[in-house]
Amino acid sequence: MKLALLLLVAACGSAKPTPAAPAAPEKFEMQGYQLVLLRRGPAWTPEQTPETTKLFEGHMANIQAMAASCKLVIAGPIDAPETDRTALAGIFVFDAKREELDGLLKNDPAIAAGRLVPEIHAWYSDAQHAKRCKPAR
């Protein structure tokens, strides 16, 4: 019995595993996004006042609301010298149709006040975002 068990263990230990079939490469797909470049607008100033602080707080609240809906994929500021009154100030990338952007951007107090001016561009990139981020309905 011990000899049979030893032979079985030896046979199993020396068996070569069959190689697994290679995984099929994931198909890369492109998806349309909306790239919004936020430029400093005619009402932009480098000074911080109670009014500009309130506008910035509203701007951040709007960013959080758009992100919670999964329409806004990513957003962030761009460093620029304070002396450049028309510099790029930030970027939004939306997973939304162009027709939806006016409704989303009009809620931004910094845009409404003219401190920021949006430039909207159709942009294409990896479609995997849509599979990872599903808004709660």
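How many salt bridges does the count come to by the rule used here? The count comes to 3 salt bridges, where a salt bridge is a side-chain nitrogen of Lys or Arg within 4 Å of a carboxyl oxygen of Asp or Glu.

The structure is a predicted model, in which local features need pLDDT of at least 70 and side-chain atom pairs count only at pLDDT 80 or more, while totals for chains, interfaces and linings use all residues. Residues are numbered from 1 along each chain as its sequence is written, and side-chain values use heavy atoms, with hydrogens and water left out.

**Overall architecture**

The protein contains 5 helices and 4 strands; these are DSSP runs numbered from the N terminus, helices being H or I with at least four residues and strands E with at least two. Along the sequence, the elements follow the pattern α-β-α-β-β-α-α-β-α. Of the 137 residues, 28% count as buried. Buried means under 20% relative accessible area, exposed over 50%, and partly exposed in between, with a 1.4 Å probe and protein chains only.

**Salt bridges**

| Pair | Distance |
|---|---|
| Arg39 and Glu119 | 2.5 Å |
| Glu100 and Lys71 | 2.8 Å |
| Asp102 and Arg98 | 3.5 Å |

The side chains of Arg39 and Glu119 meet in a salt bridge. Arg39 belongs to strand 1 and Glu119 to strand 4 (residues 116–126), so this pair ties together parts that are 80 residues apart in sequence. Arg39 is partly exposed at 29% relative accessibility, and Glu119 is partly exposed at 27%.

Glu100 forms a salt bridge with Lys71. Because Glu100 lies in helix 3 (residues 98–105) and Lys71 in the loop between helix 2 and strand 2, the pair ties together parts that are 29 residues apart in sequence. Glu100 counts as partly exposed at 30% relative accessibility, and Lys71 is partly exposed with a relative accessible area of 27%.

Asp102 and Arg98 both lie in helix 3, where they are 4 residues apart, about one turn of the helix. Asp102 is partly exposed at 48% relative accessibility, and Arg98 is partly exposed at 35%.

**The largest pocket**

The largest pocket has a volume of about 710 Å³. On a 1 Å grid over the protein atoms alone, a pocket is an open set of points with protein on both sides within 12 Å along at least five of seven lines, and lining residues have an atom within 4 Å of a point. Grid points are joined across faces, edges and corners, and the volume is the space filled by probe spheres set on the points, the probe being 1.4 Å.

The lining comprises 29 residues, of which Trp44, Phe56, Ala89, Arg115 and Leu116 lie nearest the centre of the pocket. Strand 1 (30–40), helix 2 (50–68), strand 2 (72–77) and strand 3 (88–94) each supply at least two residues of this lining. Helix 2 provides the largest share, 7 residues. By type, the lining residues divide into 17 nonpolar, 7 polar and 5 charged; Ala, Val, Leu, Ile, Met, Phe, Trp, Tyr, Cys and Pro count as nonpolar, Asp, Glu, Lys and Arg as charged, and the others, Gly among them, as polar.

**A nonpolar surface patch**

Phe28, Met30 and Tyr124 make a nonpolar surface patch of about 390 Å². Such patches consist of residues with over 30% relative accessible area and no salt bridge, with nonpolar side chains (Val, Leu, Ile, Met, Phe, Trp, Tyr) joined within 5 Å; accessible areas come from the Shrake-Rupley method with a 1.4 Å probe. Phe28 is placed in the loop between helix 1 (2–14) and strand 1, and Phe28 is exposed, with a relative accessible area of 56%.

Technical notes. Patches are made of residues with over 30% relative accessible area and no salt bridge: like charges are joined within 9 Å, nonpolar side chains (Val, Leu, Ile, Met, Phe, Trp, Tyr) within 5 Å.
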